[in-house]
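This report is an introduction for a reader who meets this structure for the first time. It begins with the meeting of the chains and then turns to single elements and residue pairs.

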Amino acid sequence: MADNGDNDSQHRVNEGDYVVLKRGDIYKAVQIQKKKKTVFEKQWFFLDNAVGELYGTTFEVVTGGTLQPRKPKHVESSADAKEAGTDNRNILDDGKSQKLTRDDIETLKEQGLKGQEIVQQLIENSTTFRDKTEFAQEKYIKKKKKKYENSVMVLRPSCRVLAMMYHGREPGKICHLRYDTLALMLTLGNIHAGSKVLVFETCAGLVLGAVMERMGGYGSVVQMYPGGGPVRAGVESFGFPSHFHDTLHEFPICHVNALLAGTLDTEAKNIDADSGQANGDKSNLTQTDPEKAESKECSPDTEDQRMETSTSTDPAADKEREEREKRREIRGQEKKVKMEEKRKKLAAAAAVLEGRNADGLVIASRFHPCPVLLGLIKFLAPSRPFVVYSQYKEPLIECYTKLREQGGAVSLRLTDSWIRHYQVLPNRTHPMLLMSGGGGYLLSGTTVATDTLKMGSTRGEEPAAKRLKLTETTDG
Amino acid sequence: MSFVEYSEFIQEGDVAIIFLGHDSMMPVKVQQGAQTQTRYGVIRHSKDLIGQRFGTKVTCSKGGWVYVLHPTPELWTLNLPHRTQILYTTDIANITMMLELKPGSVVCESGTGSGSLSHAILRTIAPTGHLHTVEFHQQRAEKAAEEFREHRVGHLVTVRNQDVCKEGFGVTGVADAVFLDIPSPWEAVRHAKNAMKRQGGRVCSFSPCIEQVQKTVEALADEGFQEISTLEVLLRVHDVRSITLPLPDFGSDQPLETPTDTPVPSNASVLCKTTTPPRDMAGHTGYLTFATKPSRDNLCPMI
């Protein structure tokens with residue numbers, strides 16, 4: 001297991017890779033495509049030069065929009081020799097201390113000055129800089145660097161990076177799931193290679209991708225989805241190798257009741273994966289399959305056309321007709337193949353679920369979690385964990401209450417996670433000024449064998465003494 | 001049974017978790033002919049456990065019953081015998097995600113301690129990863145190695161009894177991630193860097209005291225690490241309760257029609273389903289400091 005210097009290739013950026021661009025705390029997921037302009041933090045550039053470089057490399061954006069790997073610089077000999085003040089008692093914040101105007105700075109930018117150099121210019125043209133304390137100077141430099149720097153780091157996508165990206169950029173798309181809450185879900189759910197996990201999420205595929213990352217391509221994941229089709233945009237950003245997708249199944253929740261009741265017929269040719277069972281009702285097909293409906297509408301017209309032109313002896317028109325018919329036939333065949341593929345996938349997913357021996361259940365959606373949990377928990381084997389995320393607490397209180405009544409689960413816990421970042425600098429260590437207000441709530445538990453004989457077991461999970469307290473009124 | 005793979009039926013030699021009710025659990029080593037005492041009576045391993053499904057209800061001799069659960073690193077963390085202060089699931093979950101652990105990851109850890117985090121790491125990196133764990137206390141190192149074997153994860157881990165600050169992890173250039181939970185982590189930063197792959201990796205240091213954090217951050221910066229970030233996480237538990245709140249009686253706004261001694265008081269009350277916080281909660285475990293080791297080409301001490 002010694003370090004093999006030649007085996008770099010898996011650590012290097014390739015064309016077509018999904019990567020994450022980073023500057024400071026801002027992340028963006030993109031795909032490397034040569035000669036394609038990418039926009040990031042109000043800058044346009046080409047990612048071509050990233051290809052072949054190691055992941056984790058920091059680049060400078062130079063004029064023309066190309067990337068240049070940043071040369072490692074020697075330690076900036078700490079400018080202790082420079083002048084500094086002791087406090088701010090004589091510093092007037094009148095907005096006039098910077099002598100360079102906005103136009104001056106634009107000129108400098110156009111001249112192609114690097115971020116570092118612009119910051120140097122700002123320092124030299126600030127009347128108050130040398131009066132600031134050393135700490136204030138450092139803070140000033142950091143602030144200006146952040147503003148005028150144009151470096152970009154190219155990162156390999158991972159749950160950590162993508163979870164932080166989504167939470168910072170588009171929290172609404174992931175039901176405001178904060179990254180530490182997601183971390184807890186993966187751990188409490190005991191997501192690991194070789195297990196069979198059910199996922200129901202409307203978080204743009206972030207949760208699904210995170211689960212798949214922890215499975216490493218081993219075992220299987222069944223994505224339960226509402227409505228038309230599974231949403232997986234977030235999964236793409238993880239850049240999984242293609243064989244990972246062999247372990248991923250999908251199953252529409254509209255067929256869950258039928259599957260549980262044993263009435264789901266996956267052999268039926270007219271089953272539509274995206275809506276309720278056809279039930280032998282042919283009219284359903286035309287309603288639910290717009291493509292088919294269209295083609296039915298199409299046929300009368302072309303029939304007429306054929307009738308009209310059948311008497312014509314124009315060879316060119318004949319040839320055109322032939323080709324049109326051929327194309328229609330091919331399209332028809334393709335549609336048949338697609339429908340068959342969909343049916344096969346549905347049957348495969350149903351087979352995975354039927355055994356009711358899944359090892360884990362992860363729920364994170366905008367839907368009310370209670371019916372989702374009660375419906376899907378039936379697919380879990382006994383002594384397996386489940387985790388339900390909700391942006392709000394009350395729906396989970398309902399879940400908790402219903403599960404307690406119904407039985408079949410122990411160690412139920414309603415929790416939320418509190419996270420705080422710190423600035424760590426000599427003599428300036430303290431928590432960050434801004435803190436996340438909330439990251440959502442989790443309900444977690446473990447399934448146990450359901451005792452069909454003892455419905456509504458009276459002992460419950462709580463000792464008797466505790467139950468008495470429930471009816472006590474709260475003190476003022 | 002193993003801590004990295006589920007199985008359906010209980011077998012001899014397994015570790016099982018007996019669930020007694022409401023956060024009360026105990027670990028049990030399943031053996032032919034053995035017995036375990038619980039407050040609900042005796043559990044006979046041969047009759048009640050071996051051959052049963054994990055998750056079934058077991059009736060004990062006194063008539064009470066318990067559930068037998070399949071072990072997981074999370075259940076183990078709550079039930080393992082403490083030889084040292086341990087890491088709990090909330091910190092473990094964040095460490096796992098922030099270090100980007102996944103199947104196949106190679107991880108270096110010191111100190112092993114009671115093995116709480118170790119089990120969680122092994123679960124995540126199985127079946128193709130490896131954990132190199134270093135513990136300077138001889139008996140703890142031996143006990144940890146023994147437990148790994150019993151839990152059927154011995155093939156995924158190497159325990160070394162040495163001082164990480166002086167001798168490092170025993171491997172170089174192989175780790176995707178390094179974790180430090182030792183009194184003086186700044187003394188191990190260079191060893192962490194050497195243990196990590198040339199192409200880069202992630203490091204985490206856990207320290208209860210802010211002074212330790214400051215020294216460690218400085219050492220990480222000096223060694224060229226990037227994305228240095230320190231945070232802490234805490235778990236808040238919400239106890240679901242049904243509460244009854246009595247309504248005050250402000251009397252009637254109509255004058256009394258027939259004179260009576262006193263108006264009849266109303267006993268109205270409202271039932272609320274809500275949560276209350278527990279009396280106390282964990283307020284601090286430790287600070288988590290994360291950083292990225294950039295590829296050798298990109299190593300440069302940042303300002």
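In this predicted model, 83 residues of chain A are in contact with 81 residues of chain B, where contact means heavy atoms within 4.5 Å. The model is predicted, and for that reason local features need pLDDT of at least 70 and side-chain atom pairs count only at pLDDT 80 or more, while totals for chains, interfaces and linings use all residues. Residues are numbered from 1 along each chain as its sequence is written, chains are lettered from A and ligands numbered from 1 in the order in which they are written, and side-chain values use heavy atoms, with hydrogens and water left out.

**Where the chains meet**

The size of an interface is often given as the accessible area lost when the parts come together. Between chain A and chain B the buried area is about 7100 Å², and carbon and sulfur atoms give 58% of it; this is the accessible area (1.4 Å probe) that two parts lose on being put together, summed over both. Four salt bridges are counted between chain A and chain B, a salt bridge being a side-chain nitrogen of Lys or Arg within 4 Å of a carboxyl oxygen of Asp or Glu. R198(B) and D8(A) meet in a salt bridge through their side chains, at 2.8 Å from N to O. A network of salt bridges also links K22(A), R160(A), E100(B) and E227(B).

Strands contribute to the meeting of the chains as well: strand β13 (residues 409-423) of chain A pairs with strand β12 (residues 226-246) of chain B in the antiparallel sense over nine bridges, and D416(A) stands opposite R236(B) of β12(B). Strands here (E, at least two residues) and helices (H or I, at least four residues) are DSSP runs, numbered from the N terminus, and two strands pair if DSSP finds at least two bridges between them.

**Strand β12 of chain B and its partners**

Within chain B, β12(B) pairs in the antiparallel sense with β13(B) over eight bridges, and T244(B) stands opposite L271(B) in β13(B). Strand β14 (residues 287-293) of chain B is also paired with β12(B) in the antiparallel sense, over four bridges, with S229(B) opposite F290(B) in β14(B).

V270(B) has its place in strand β13 (residues 269-276) of chain B. Together with L245(B) and L247(B), V270(B) forms a nonpolar patch on the surface, with about 210 Å² of accessible area for the three together. V270(B) is partly exposed, at a relative accessible area of 34%; buried means under 20% relative accessible area, exposed over 50%, and partly exposed in between (1.4 Å probe, protein chains only).

S207(B), in strand β11 (residues 201-207) of chain B, counts as buried at 1% relative accessibility. Leaving aside residues up to four places away in sequence, S207(B) touches P185(B), Q212(B), V213(B), G286(B) and Y287(B).

| Salt bridge | Closest N and O atoms |
|---|---|
| E150(B) and K29(B) | 3.3 Å |
| E147(B) and R83(B) | 2.8 Å |

E150(B) forms a salt bridge with K29(B). Because E150(B) lies in helix α5 (residues 138-150) and K29(B) in strand β2 (residues 24-29), this pair ties together parts that are 121 residues apart in sequence. E150(B) is partly exposed at 27% relative accessible area, and K29(B) is partly exposed at 44%.

E74(B) is in helix α2 (residues 73-79) and R123(B) in helix α4 (residues 116-125), so the pair ties together parts that are 49 residues apart in sequence. E74(B) is buried at 9% relative accessibility, and R123(B) is buried at 0%.

**Chain A as a whole**

Chain A has 14 helices and 15 strands, and buried residues make up 44% of its 476 residues. Among the contacts in chain A with a separation of 6 or more, 66% are between residues 24 or more positions apart.

Why is helix α12 (residues 369-376) of chain A largely enclosed by the rest of the structure? Seven of the eight residues of α12(A) are buried, so the helix is largely enclosed; the buried residues are P369(A), C370(A), V372(A), L373(A), L374(A), G375(A) and L376(A).

Conventions:
Patches are made of residues with over 30% relative accessible area and no salt bridge: like charges are joined within 9 Å, nonpolar side chains (Val, Leu, Ile, Met, Phe, Trp, Tyr) within 5 Å. Accessible areas come from the Shrake-Rupley method with a 1.4 Å probe; for residues, only the protein chains shown count as cover.
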